[in-house]
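User: Please take a close look at a single part of the model shown below. Then set that part against the rest of the chain.

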Amino acid sequence: MRKAMRSKTPDKDATRAAIAEVMTTYETGLAWRQKAEAPLEAYEAAIRDTIGLRLQPRLSEDQSLYVAACSSGHRDLSLSF
């Protein structure tokens, strides 16, 4: 397209054809990206809480409650002394 426009005698038909080709390629790529966007968002939401957990600035509420849960068995030792 640039080559057709920069010549001493610009070829308008060649330029229009090049623009049409570029627009077709762009629209094809845009349609593919829009079609792939929803599955990628679902995949990202599914792995968000597991992959890269250490790199997250904060834990989610569910994650923090799981980590903070104490699983040890406490007993009163005051009666032993």
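**From the loop to the nonpolar patch**

The model is predicted, so local features need pLDDT of at least 70 and side-chain atom pairs need 80 or more, while totals for chains, interfaces and linings use all residues. Numbering starts from 1 along each chain as its sequence is written, and side-chain values use heavy atoms, without hydrogens or water.

Arg 58 sits in the loop between helix 2 and helix 3. Helices here are DSSP runs of H or I with at least four residues, strands are E runs of at least two, and both are numbered from the N terminus. Ser 60 belongs to this loop too, and helix 3 covers 61-68. Ser 60 is partly exposed, because its relative accessible area is 26%. Arg 58 and Ala 18 give another distance: 40 residues apart along the chain, their C-alpha atoms are separated by 50 Å.

The overall form gives the setting. The protein has three helices and zero strands. Its radius of gyration is 30 Å, well over the 12 Å that the globule rule gives for 81 residues, so the protein is more spread out than a compact globule. That radius is taken over C-alpha atoms, and the rule is 2.2 Å times the number of residues to the power 0.38. Along the principal axes, the C-alpha atoms fill a box of roughly 105 × 25 × 15 Å. Of the 81 residues, 6% are buried. The protein exposes about 8100 Å², and carbon and sulfur atoms supply 59% of this area (Shrake-Rupley method, 1.4 Å probe).

Now the nonpolar patch. Met 1, Met 5, Ile 19, Val 22, Met 23, Tyr 26 and Leu 30 make a surface patch of about 660 Å². Patch residues have over 30% relative accessible area and no salt bridge, with nonpolar side chains joined within 5 Å and like charges within 9 Å. Helix 2, residues 12-47, gives the largest share of the patch, with five residues. Met 1 comes from the segment before helix 1, which spans 2-6. Met 1 counts as partly exposed, because its relative accessibility is 47%.

Thr 15 links these regions. Thr 15 lies in helix 2. Leaving out residues up to four places away in sequence, Thr 15 touches Met 1, Ala 4 and Met 5 (contact: heavy atoms within 4.5 Å). Thr 15 counts as buried, because its relative accessibility is 7%.

Side chains of opposite charge can pair when their charged atoms come close. The structure holds one salt bridge (a side-chain nitrogen of Lys or Arg within 4 Å of a carboxyl oxygen of Asp or Glu). Asp 13 and Arg 16 form the bridge, with their closest N and O atoms 3.6 Å apart. Both residues lie in helix 2, three residues apart, about one turn of the helix. Asp 13 is exposed, because its relative accessible area is 56%. Arg 16 is exposed as well, with a relative accessible area of 55%.

Note on methods: Buried < 20%, exposed > 50% of the residue type's maximum accessible area, 1.4 Å probe, protein only.
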